[in-house]
Amino acid sequence: MSDVSGLIQKIKNLAEGKNKIRLMEVCGTHTVSIFRSGIRQILPANVEFDYIDKAIFYSAQPDFIIATFGDMLKVPGSKSNLADESAGGADIRIIYSPTDCLKLAAENPDKKIIFLAVGFETTSPTAAATILAAKNSGVKNLFFLSAQKLVPPALKMLLEDPQVKVDGFLLPGHVSVVTGSDVFQFLASDYKIPGVVAGFEPEEILIAILNLLRQIYEGRAEIANEYKSVVKPEGNVTAKKILAQVYEETDSLWRGMGEIKKSGLKVRPEFSDFDIEKIFPADVKPCEKKSGCRCGEVLRGIITPPNCPLFGKKCEPLHAVGPCMVSVEGICAAWYKYSGLKNGKYND
Ligand code: SF4
């Protein structure tokens, strides 16, 4: 028996005859890995329509270049997306790291480069390091449109939502590399909810699930780290220091979840020369929610993607209505690809 099938058997034995347990994986990579491995989230590109509308506004300005990760291209704004704007002539460049923007700025001294700084604790330190490098070397044509989010405040908000029922969290390995596992201790101490930091291989996820189930059935609530090879209790101290030097916490809007206190990052005033919204505010009207998209409930674990009436019908990866269907790690995209459920039916 392989390690994986041995772990599955242990989980089955442990869960047999017990009440249904609701576990929530926090990150999309876990969702994809869970589906891929046939075992049966909250972190897609969590950006509001308004953010994409602002990026589109800047892309339409003469002499502006938008620099972004590829998975932002298809994220819908209220009327368009960046892929369509690029096809229409906007100068939008795919980059692989925020530091690529320094080269882009040097190669295009007559243009303004705007980096779309979205993401979580995993990528934000590199954006912060890029701002520091730009300031230290006197770069004047590089700007950031920031919408970075922090994971712990979102988990706190979920646990305070009476509609959300969670018995344990599969905590995100990549985010925890930066934050450390200790940052999640409040789940156990304040809410009596266990959490386990997990790697991304099927075996690592199963080990974490087994740990969670044992805690739940034994009435314990602890924060365990099953990804010790890369995650330390204190996290990456250097990355956290750079992040704190450049950014400060701010209230932030989460799609479908509303505003969450201190759940976002904004550039500190001493780095405001790099904040495009300070230098050149976008003339964008707040947009209304698109009808039918239930990303908020999907992200809070209240419904699964097939419960959204648009899933697999109006909303598919090539014609995404909401952000959960966009990135390969979006929860609706993962369900669409791996569950075999389309138009309300499972494929053979
Ligand atoms: Fe939103 Fe599409 Fe998911 Fe429905 S299926 S919740 S519209 S992303």
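A residue counts as buried when its relative accessible area is under 20%. In this predicted model, Cys-315 has a relative accessible area of 8% and is therefore buried. Cys-293 has a relative accessibility of 13%, so this residue is buried as well. A disulfide is a covalent bond between the sulfur atoms of two cysteines. The whole structure was searched for such pairs, and zero disulfides were found.

Burial also marks helix 3, which spans residues 49-59. Nine of its 11 residues are buried, so the helix is largely enclosed by the rest of the structure. The buried positions are Phe-49, Tyr-51, Ile-52, Asp-53, Ala-55, Ile-56, Phe-57, Tyr-58 and Ser-59. Several elements contribute to the cover over these residues. Among them are four strands: strand 2 (64-68), strand 3 (92-94), strand 4 (112-119) and strand 5 (142-148). Helix 4 (82-87) and helix 12 (276-279) also take part in the cover.

Helix packing was examined next. Two packed helices are described by the angle between their axes and the distance between the axes. Helix 1 (residues 3-15) and helix 10 (residues 202-217) have axes that come within 10 Å and cross at roughly 20 degrees. Angles under 35 degrees count as roughly parallel, so helix 1 and helix 10 are roughly parallel to each other. Their crossing is left-handed. Helix 1 contributes Asp-3, Val-4, Leu-7, Ile-8, Lys-10, Ile-11, Leu-14 and Ala-15 to the contact. Helix 10 contributes Glu-203, Leu-206, Ile-207, Ile-209, Leu-210, Leu-213, Arg-214 and Tyr-217. By class, this contact of helix 1 with helix 10 holds 12 nonpolar and four charged residues, with no polar ones.

Helix 10 also carries Gln-215. The relative accessible area of Gln-215 is 0%, so this side chain's residue is buried. Beyond its neighbours within four places in sequence, Gln-215 contacts Pro-194, Gly-195 and Val-196 on one hand, and Arg-220, Ala-221, Glu-222 and Ala-224 on the other.

Helix 6 (residues 124-136) packs on helix 11 (residues 237-246) at an angle of about 60 degrees, and the axes lie 8 Å apart. Helix 6 and helix 11 are therefore oblique to each other. The crossing of this pair is left-handed. On helix 6, the contact involves Ser-124, Pro-125, Ala-128, Ala-129, Ile-131 and Leu-132. On helix 11, the partners are Ala-239, Ile-242, Leu-243, Gln-245 and Val-246. The contact of helix 6 with helix 11 has nine nonpolar residues, two polar residues and no charged ones.

Terms used:
Residues are numbered from 1 along each chain as its sequence is written. This is a predicted model: local features need pLDDT of at least 70, side-chain atom pairs count only at pLDDT 80 or more; totals for chains, interfaces and linings use all residues. Side-chain values use heavy atoms; hydrogens and water are left out. Buried means under 20% relative accessible area, exposed over 50%, partly exposed in between (1.4 Å probe, protein chains only). Helices (H or I, at least four residues) and strands (E, at least two) are DSSP runs, numbered from the N terminus. Contact means heavy atoms within 4.5 Å. A disulfide is a pair of cysteine sulfur atoms within 2.5 Å. Axes are lines fitted to C-alpha atoms, for helices over the stretch in contact, and angles run from 0 to 180 degrees between N-to-C directions. Angles under 35 degrees count as roughly parallel, over 145 as roughly antiparallel, 65 to 115 as roughly perpendicular and the rest as oblique. A crossing is left-handed if the near helix is turned anticlockwise from the far one by less than a right angle, and right-handed if clockwise. Ala, Val, Leu, Ile, Met, Phe, Trp, Tyr, Cys and Pro count as nonpolar, Asp, Glu, Lys and Arg as charged, and the others, Gly among them, as polar.
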